[in-house]
Amino acid sequence: MTNAADLKQLAEQAGRDLEDAPALAILTWAAETFGPRFCVTSSMEDAVVAHLASRAFPGVDVVFLDTGYHFPETLGTRDAVAEVMDVNLLTLTPVQTVAEQDAEYGPKLHDRDPDLCCALRKVKPLEEGLAGYDAWATGLRRDESPTRANTPVVGWDPKRQKVKVSPIARWTQADVDAYVAEHGVLTNPLLTDGYASVGCAPCTRRVLEGEDARAGRWAGSNKTECGLH
């Protein structure tokens with residue numbers, strides 16, 4: 001099924017039907033509905049959704065965006081996930097290397113125009129990478145920030161004309177921690193070093209006590225999302 005109108009209707013109905021369903025059931029629905037036209041995206045902050053998806057759909061495609069600006073710990077988490085989980089890890093890269101981008105736009109574009117940097121190094125590569133799929137899963141949670149408070153467990157992504165699955169949208173950080181502990185799921189080492197949300201190194205800092213989980217992203221600016229969501 002690739003007709004956008006049908007996909008949108010399917011997504012909105014599933015969002016209502018699966019609102020109270022367990023995360024594994026939501027991913028099982030996605031796997032059964034879309035098969036190989038379903039993938040998981042992961043920032044490798046942790047591998048919870050990838051692990052859940054591998055249980056629902058062994059060998060599922062897990063898509064990772066290598067922006068060229070990641071912490072070494074993030075790339076290490078990606079490599080470990082590929083090694084130990086029953087997933088097909090796919091790494092997407094921007095058209096330009098960091099050096100080529102610097103040559104065209106000037107160095108440290110992330111400081112001067114973070115929206116453009118994200119568009120070039122995240123949004124465009126993901127749009128191209130998702131071209132062969134009808135549905136994709138994310139690790140978005142409602143408790144992460146006010147901008148994510150209304151995230152549906154299954155919804156419609158109008159920008160990409162795809163079904164967007166957020167199986168742990170209703171989870172809290174305590175739920176994530178409990179799942180990680182129960183299943184021994186890989187997590188980014190930076191999460192135990194003061195980082196509550198892990199993005200590109202130049203635009204990510206440790207969070208302070210009392211700040212929300214995403215306060216360390218693009219700190220000092222009005223930017224709160226990279227444009228993927």
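Buried means under 20% relative accessible area.

**View 1. F71 and Y195 pair edge-to-face.** The ring centres of F71 and Y195 lie 5.5 Å apart, with 65° between the planes. The pair links distant parts of the chain, 124 residues apart. F71 sits in the loop between β2 (60-65) and α4 (72-84). Y195 belongs to the segment after α8 (173-183). F71 has a relative accessible area of 11%, so F71 counts as buried. Y195 is buried too, because its relative accessible area is 10%.

**View 2. W29 and F34 form an edge-to-face pair.** The structure holds three aromatic pairs. In the one formed by W29 and F34, the centres are 5.7 Å apart and the planes stand at 90°. Both W29 and F34 are buried.

**View 3. V154 in the largest nonpolar core.** This core has 41 residues. F38, V154, V163 and V165 touch the most other members. Beyond its neighbours within four places in sequence, V154 contacts A11, A14, G15, L18, I26, W29, V163, K164 and V165.

**View 4. A second, separate core.** It comprises eight residues, including C39, L65, L126 and Y133.

**View 5. Confidence across the protein.** The mean pLDDT is 92, and 94% of the residues reach 70 or more. Helix α2 (residues 23-34) has the highest confidence, at 98. Confidence is lowest in helix α6 (residues 109-112), at a mean of 92. Where pLDDT is low, predicted coordinates should not be read in detail.

How values were computed. Residues numbered from 1 in each chain as written. Predicted model: local features only at pLDDT ≥ 70, side-chain atom pairs only at ≥ 80, totals over all residues. Heavy atoms only, no water. Phe/Tyr/Trp six-rings, centres within 6.5 Å; stacked < 30°, edge-to-face > 60°. Buried < 20%, exposed > 50% of the residue type's maximum accessible area, 1.4 Å probe, protein only. Helix = DSSP H or I, 4+ residues; strand = E, 2+ residues; numbered from the N terminus. pLDDT = per-residue confidence, 0-100. Core = buried A, V, L, I, M, F, W, Y, C linked by side-chain atoms within 4.5 Å. Contact = heavy atoms within 4.5 Å.
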